[in-house]
Amino acid sequence: TPGSGSDMRLYWAPKTRALRATWMLAEAGVAYERIPIDVHDAAAKADPAFRRVSPLGKVPALEDGPARLWDSGAICAYIADRHPERHLAPAPDSAARGAYLQWLVFTNSVLEPAMFERRAASTPNPSQHGWGDFDAMLGVLRAQLAPGGWILGDRFSAADVMIGTSCLFLYRYGIIEGEQVLQAYVDRCTARPAFREAAALDEAA
């Protein structure tokens, strides 16, 4: 929840990947200052204070004292590790850490590239593209989520914030429909109070 007395500042815009950051911050119970940025306004995006945190002019962008992060996956990982008491990531020496890291980066390295390839009706090239292709991505994700629960099984983590938002976008943009396993997962994600808090910020804007 945004609040005073914190060094953490989040540059944010509604209906963007910044939803991941607000959801993650809500899960962690972190006080922060939320700074809206009109991502369609060139002058707003050129603001020097914003560009110091986000050199590409993209949201979300997080400033926490000397730390500056402008990738949603990096932001989620950073918040989880900064607040181990919230158990949003396996400990570095945990046997589950490897799987967590793999799924944490899955959204930005595999899921989203495949999603936009499908949305743009581009010709798949699985032998050259690191994400394979859309059907392969969806098959791997479906298999992992088939038992129910979360991406790591019975434990919710920052990886679910990343993957859950992208699965939501798959439906929002009409890229998939049906898919009982993924729909049930999205329903579990969107039922979380922290997600609802983040979504309410989008709706209010």
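A polar contact here is a pair of N or O atoms within 3.5 Å; within protein, one must be able to donate a hydrogen and the other to accept it, and residues adjacent in sequence count only if both atoms are side-chain atoms. You're looking at a predicted model, where local features need pLDDT of at least 70 and side-chain atom pairs pLDDT 80 or more, while totals for chains, interfaces and linings use all residues. Residues are numbered from 1 along each chain as its sequence is written, and side-chain values use heavy atoms, with hydrogens and water left out.

Start with helix H7, residues 158-172 (helices are DSSP runs of H or I, at least four residues, numbered from the N terminus).

Select Thr 165 in H7. Thr 165 counts as buried because its relative accessibility is 0% (buried means under 20% relative accessible area, 1.4 Å probe, protein chains only). Its side chain reaches the backbone oxygen of Val 161 at 2.9 Å. Beyond four places in sequence, Thr 165 is in contact (heavy atoms within 4.5 Å) with Leu 19, Arg 20, Trp 23 and Asp 160.

Hop to Asp 160, also in H7. Which side chain makes a polar contact of 2.8 Å with that of Asp 160? Pick Tyr 185.

Last stop: the largest nonpolar core, with 68 residues (buried Ala, Val, Leu, Ile, Met, Phe, Trp, Tyr and Cys joined through side-chain atoms within 4.5 Å). H7 gives the most to this core, 10 residues.

Notes:
Buried < 20%, exposed > 50% of the residue type's maximum accessible area, 1.4 Å probe, protein only. Helix = DSSP H or I, 4+ residues; strand = E, 2+ residues; numbered from the N terminus.
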